[in-house]
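Here are some notes to read alongside the structure, written for someone meeting it for the first time. Take the points in order, and keep the view open as you go.

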Amino acid sequence: MAWVGILHGLWIFLPAYVANMGPVFVAKLIPGWTAPIDGGRVGKDGNRILGPGKTWRGLAGGTLLGALTALAVAWAAQRWNVMQSWDYGASAGSPWWAIAIYGAAIGYMALVGDAVKSYFKRRLGKQRGAPWVPFDQLDFVVFGLAAMVLAGPVLADGWVRGALLDDWAVLATIVLLTPLLHFAVNIIGYGLKLKDVPW
Ligand code: CTP
Ligand code: MG
């Protein structure tokens with residue numbers, strides 16, 4: 001059933017979604033910590049390396065939220081007794097510390113992807129917050145998936161491979177549906193005045 005695969009894809013990629021939305025919330029919680037990752041430096045082209053929108057606060061917050069989300073996902077999947085492919089292998093021997101590290105890796109990489117994208121935006125002369133479709137939507141998808149594969153060995157044997165590849169709808173959802181969700185979530189965030197721009 002494709003529906004199950006779609007839900008499964010959204011479920012296991014939750015740490016990346018939460019991490020990617022995280023900086024906007026962390027900015028509200030700790031408004032004073034605005035230190036930018038690029039330290040304010042500018043490139044040869046006169047534009048900022050990454051820009052003021054890429055902060056250590058956002059990176060740290062996203063990493064922490066990724067870890068917490070993965071733990072919540074694994075805990076809930078076990079609690080409700082869903083299939084092993086939904087719980088980061090918790091029921092197949094993935095220790096909780098490994099699941100936390102796994103989630104942190106996904107969150108961290110999602111935001112590293114976001115920052116890498118900003119690097120290229122600045123080189124193209126796009127200012128902070130300017131839209132750049134589809135890269136604004138896909139940055140954290142590509143890097144989040146890479147993190148799932150790279151950090152996979154900390155989890156129970158073969159968990160990542162099975163979860164991502166046993167049902168084609170899982171990867172299709174993460175790659176194709178996520179950009180659409182991203183648009184929807186950002187419009188809502190703009191409506192709630194959490195974001196300055198609706199993208
Ligand atoms: N944010 C942050 N640290 C990060 C990523 C994001 O503090 N590492 C916060 C910033 O306040 C940012 C907001 O989240 O403005 C929205 O993030 P995003 O859309 O990724 O940044 P933009 O401001 O649009 O910057 P860019 O044009 O570089 O994408
Ligand atoms: Mg943006």
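Leaving aside neighbours within four places in sequence, which residues is Ser-118 in contact with?

1. Let us begin with that question, keeping in mind that this is a predicted model. Ser-118 is in contact with Ile-49, Leu-50 and Lys-54, once its neighbours within four places in sequence are left aside. You will find Ser-118 in helix H4. With a relative accessible area of 2%, Ser-118 is buried, because the cut-off for that word is under 20%.

2. Next, look at the ligand. Ligand 1 has 17 residues around it, and those that come nearest are Lys-54, Thr-55, Ser-118, Arg-122 and Gly-129. A backbone N or O atom of Gly-53 lies 3.0 Å from a nitrogen atom of ligand 1. Oxygen atoms of the ligand are approached by side chains: a polar side-chain atom of Lys-121 lies 3.0 Å from one, and a polar side-chain atom of Arg-128 lies 2.9 Å from an oxygen atom of ligand 1.

3. Now follow helix H4 itself. H4 has 28 residues, and from its first C-alpha to its last it reaches 41 Å, close to the 40 Å expected at 1.5 Å a residue. Just after H4 comes Gly-125, with a positive phi of about 80°.

4. How many salt bridges does a search of the whole structure find? There are 7. Side chains of opposite charge can pair when their charged atoms come close. One of the bridges joins Asp-114 and Lys-117, with the closest N and O atoms 3.1 Å apart. Both residues lie in helix H4, 3 residues apart, which is about one turn of the helix. Asp-114 and Lys-117 are both buried.

5. Lys-117 has another partner to show you. Asp-139 also forms a salt bridge with Lys-117, again with the closest N and O atoms 3.1 Å apart. Asp-139 lies in helix H5 and Lys-117 in helix H4, so this pair ties together parts that are 22 residues apart in sequence. Are these two residues buried or exposed? Asp-139 is buried, with a relative accessible area of 7%, and Lys-117 counts as buried at 9%.

6. A further bridge runs between Lys-121 and Asp-136, where the closest N and O atoms are 3.0 Å apart. This pair links distant parts of the chain, with Lys-121 in helix H4 and Asp-136 in helix H5, 15 residues apart. Both of these residues are buried. Stepping back, salt bridges that share partners join Lys-54, Asp-114, Lys-117, Lys-121, Asp-136 and Asp-139 into one network.

7. The largest nonpolar core has 31 residues, and the members touching the most others are Ile-12, Phe-13, Tyr-88, Tyr-102, Met-148, Trp-159 and Leu-164. Helices H1, H2, H3, H4, H5, H6 and H7 each give two or more residues to this core.

Note on methods. Residues are numbered from 1 along each chain as its sequence is written. Chains are lettered from A and ligands numbered from 1 in the order in which they are written. This is a predicted model: local features need pLDDT of at least 70, side-chain atom pairs count only at pLDDT 80 or more; totals for chains, interfaces and linings use all residues. Side-chain values use heavy atoms; hydrogens and water are left out. A nonpolar core is a set of buried Ala, Val, Leu, Ile, Met, Phe, Trp, Tyr and Cys residues joined through side-chain atoms within 4.5 Å. Buried means under 20% relative accessible area, exposed over 50%, partly exposed in between (1.4 Å probe, protein chains only). Helices (H or I, at least four residues) and strands (E, at least two) are DSSP runs, numbered from the N terminus. A salt bridge is a side-chain nitrogen of Lys or Arg within 4 Å of a carboxyl oxygen of Asp or Glu. The expected span of a helix is 1.5 Å times one less than its number of residues. A residue is near a molecule or strand if one of its heavy atoms lies within 4 Å of it. A polar contact is a pair of N or O atoms within 3.5 Å; within protein, one must be able to donate a hydrogen and the other to accept it, and residues adjacent in sequence count only if both atoms are side-chain atoms. Contact means heavy atoms within 4.5 Å.
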